Amino acid sequence: MRFGRSGTIRRGRLAPAAGVALLSYCLLTMTAWGQEGQLELAVKATYLVKFAAFVEWPASAFESASGPLNLCIVGAPLAGVADQVAAGQTVGQHPLAVRHIAAATHGLGCHIIFTAGAPQQSVEAAIDAVRGEPVLTVTDLPQTAPRRGIINFVLQSNHVRFDIDDREATRDGLRISSQLLALAVNVSPR
Amino acid sequence: MAGRASFGKLWRAAPLIAGATAVLLLITGVLVVYSGEASYRREKIEEVDAQARILASTVVAALTFDDRNAAEIYVGALDVNPEIEAAAIYDGNGQPFAIYRRAPTLSVPAPAPELGPSHADDRLSVTTAVMQGPTPLGRVYVRAVLEPLRSRYERYAVIGLLVVMAALVTAVLGVTQSALSLSYRELEQANAELKAQIAEREKVEEALRQAQKMEAIGQLTGGVAHDFNNILQVVLGNLGNVERQLQRGGLTDSGLLERGIKAAIRASERAAVLTGQLLAFSRRQPLAPKPVDVNRLIGGMSDLLHRTLGERVEVETILGARLWQTLADANQLESALLNLAVNARDAMPSGGKLTIETANAYLDEAYAAIEEDMRAGQFVVVAVSDTGTGMSPEVIRKAFDPFFTTKDIGQGTGLGLSQVYGFIKQSGGHAKIYSELGEGTTIKLYLPRLLTAGAVDDPPVVRSALRGGAEIILVVEDEADVRGFVVDMLRELGYEVIEAADGPAALSVLEARPDIKLLFTDVGLPGSFNGRQLADEASRRRPDLKILYTTGYARNAIVHQGRLDPGVELINKPFTYMALAARIRAVLDGTPSG
């Protein structure tokens, strides 16, 4: 049972509910933010954490077999939500660690970088900074933006979805699960 | 036999075995169906479980990222499997997340059912967990339609039918076998009964034969006793008269003496004929068969026949041309023909005609086969016919039996035809009676053809001249009276006689007297030497010694296959003074007569 790349998959129905963990978390955060936009942020933060399980890094990307998987957030766009979601999570043998950085730089040891643009570094600059490194770059740019991360959040029918640039991922030495690729709205194939 | 017994046991146990086999077949059939059903369910569970697991592993991302559309596509893909009628993906709370239904009327359980397989009617459902690593994300539920119970049972019914048929066949075989076994036992029983009946019949037949034998022996001994008593009456009576006459003082009536003695002699001669006939009937008489021209023999009997038959019986002889020779004892053949003539005469009390006819005859196998005790071949036939009273079939059947007679007491001995029959049989031929009451009788004698024609002897010439001699004769005889009589007669004839009672004594006499010219010995002697052995030993020592045997009845020593051994000279007891004188002289002179 295979699906074609998600660019061809038709979407559009509204989801009446979300996953249990996500939902409960969202309810908590909604009380904190009390706004629709903040719910979207929470979902994105949760997705950011969950992407790790569907991506394979080269072994050299880790300090050791049980070295931490670093989720680096440039600036503070998710306002600490990601920290709460990632707390105590592991991906395989690797404990998930959230690091807030001012700017992405080469050899920083990040496995996932989320950038929404920061005062010190633009999204494009951040992407360029880790180009060629096995780093999953995640952005939240409009689909028209010329330079986006390997995964870019999109909003579709009021649902948080994403595009995947599998070509870039492959170039950087990452392998993205076909299941994840199947969920992507658009995929740039290898 | 042991193998047969065990086979029989197996044979009898076969119906039981067949029954057991049939039951076993049925049990096996049920087990096969049961295990088939179980393994079908097991396979289906595995199949559905595999589907559920595949689905569970593919929907991880969709559940993780709350992508209901993707999940529905995944679950909807089960549509390609026609056995699956419904499936569902449940989220972490157990609420349906994505649902597939083959028909809108179908439903899926909510909330998520327990993990594992479950059955309901013809439905099989499996619920399995969706895991991301150790973390459960939700559940997957897949429900498949099993092959309808009815169609499954129809499939099993085919097997069942086969099994039942096999069992039925086995049972039928068993029943058939049982019936066979029963009839086999009945057959065995019938066979045993039949055997018992046969044995019983054999016993009865044996008893009958024994009774018939005893009857025959009784008839024979009775007849012999009757005739001998009559003869002895005459002998004793007349000799008694003679003795009394002599005691009374001399020859008062020489005529009376002579009559008495002659009567005794005649009676004794009749006794000799009687014993001769007995021996002939028993086929134990020593025959001296020689080539015989039957026509010539009958021609020579002409006078005798006319004398015997008297004037009221006409005799006609029709002698066949170019008649073959036969090998027979001429004297016995004459006796036989004479016996037949006498019988014919007695059958024609008021006169008639006797015809003696000779011819060559060939009896083929077919004829020999239908006639009792006959063999095929070439024969010289002598047919003696009369125009007398004839015989009934019953009389014909008994005519050859010894002492069977239709004549009045004192008229016949009942041994005439017995002699004929015995002699003919002993000569390798046949005798056959053709007769009907009032139509006369024909008796045919078949004598085997002599293929190598030989010189026919002249009829024996009766030597009238009584000659004695002076040679020394050794007489060996264990019976003292007989020995005394012989010695007296020989001395009367002028011979010098030495006597001995047995073989060893005779041999020592022979040693002592080399001038003995002739050994006259009885064949039957007591002790280790019989007459033949004595003669052989004597001949070995004295090759020139002449030998003459005498015997009342010689079975093996000098007679073989009913014939005298070649070169053997024999005078049968009882013999007369004249006969003895002639034979002694003939042997001494080297001119033996038949």
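In which sense do E7(B) and strand E9 (residues 352-363) of chain B pair, and over how many bridges? In this predicted model, the two strands run parallel and are joined by six bridges. Within this pairing, B:Val313 faces B:Gly352 of E9(B). Both strands belong to an open sheet of five strands in chain B, ordered E7-E9-E10-E12-E11, in which the pairing is mixed. Strand E7 (313-318) and strand E11 (430-435) of chain B form the edges, each pairing on one side only. On average, and with direction ignored, neighbouring strands of the sheet are turned by 20° against each other. A helix also accompanies this sheet: helix H8 (residues 330-347) of chain B lies across E7, E9, strand E10 (377-386) and strand E12 (441-448) of that chain. The helix runs at about 30° to E10(B).

Two packed helices are described by the angle between their axes and the distance between the axes. For helix H5 (residues 254-281) and helix H11 (residues 416-426) of chain B, the axes come within 7 Å and cross at roughly 45°. H5(B) and H11(B) are therefore oblique to each other, and their crossing is left-handed. On the H5(B) side, the contact involves B:Gln277, B:Ala280 and B:Phe281. Their partners in H11(B) are B:Ser418, B:Gln419, B:Gly422 and B:Phe423.

Taken as a whole, chain B has 15 helices and 19 strands, and 30% of its 594 residues count as buried. B:Gly590 counts as exposed because it has 7 C-beta neighbours inside 10 Å, and the cut-off for exposure is 12 or fewer. From C-alpha to C-alpha, B:Gly590 lies 8.5 Å from B:Lys546, although 44 residues separate the two in sequence.

Turning to chain A, the secondary structure comes to six helices and ten strands. Of its 190 residues, 43% are buried, and residues 24 or more positions apart make up 58% of its contacts with a separation of 6 or more. Strand E2 (residues 69-74) and strand E4 (residues 94-101) of chain A run parallel and are joined by six bridges, with A:Asn70 opposite A:Ala97 in E4(A). E4(A) also pairs with strand E3 (residues 90-91) of chain A, here in the antiparallel sense and over two bridges. In that pairing A:Val91 stands opposite A:His94. The hairpin of E3(A) and E4(A) has two residues between the strands, and A:Gly92 in this hairpin takes a positive phi near 65°.

The largest nonpolar core has 90 residues, of which A:Leu71, A:Ala82, A:Ile112, A:Ile113, B:Val59 and B:Val142 touch the most other members. Helix H2 (residues 36-51) of chain A gives this core its largest share, eight residues. With residues up to four places away in sequence left aside, A:Ala82 touches A:Ala45, A:Leu48, A:Val49, A:Leu71, A:Ile73 and A:Val98. Another core, of 43 residues, lies apart from the largest one. Its members include B:Leu278, B:Ile356, B:Val380 and B:Leu450.

Methods. Residues numbered from 1 in each chain as written. Chains lettered and ligands numbered in written order. Predicted model: local features only at pLDDT ≥ 70, side-chain atom pairs only at ≥ 80, totals over all residues. Pairing = 2+ DSSP bridges. Helix = DSSP H or I, 4+ residues; strand = E, 2+ residues; numbered from the N terminus. Axes fitted to C-alpha atoms, helices over the stretch in contact; angles between N-to-C directions. Contact = placed C-beta atoms within 7 Å. Buried ≥ 20, exposed ≤ 12 C-beta atoms within 10 Å, placed from the backbone. Core = buried A, V, L, I, M, F, W, Y, C linked by C-beta atoms within 7 Å. Parallel < 35°, antiparallel > 145°, perpendicular 65-115°, else oblique. Left-handed = near helix turned anticlockwise from the far one by under 90°.
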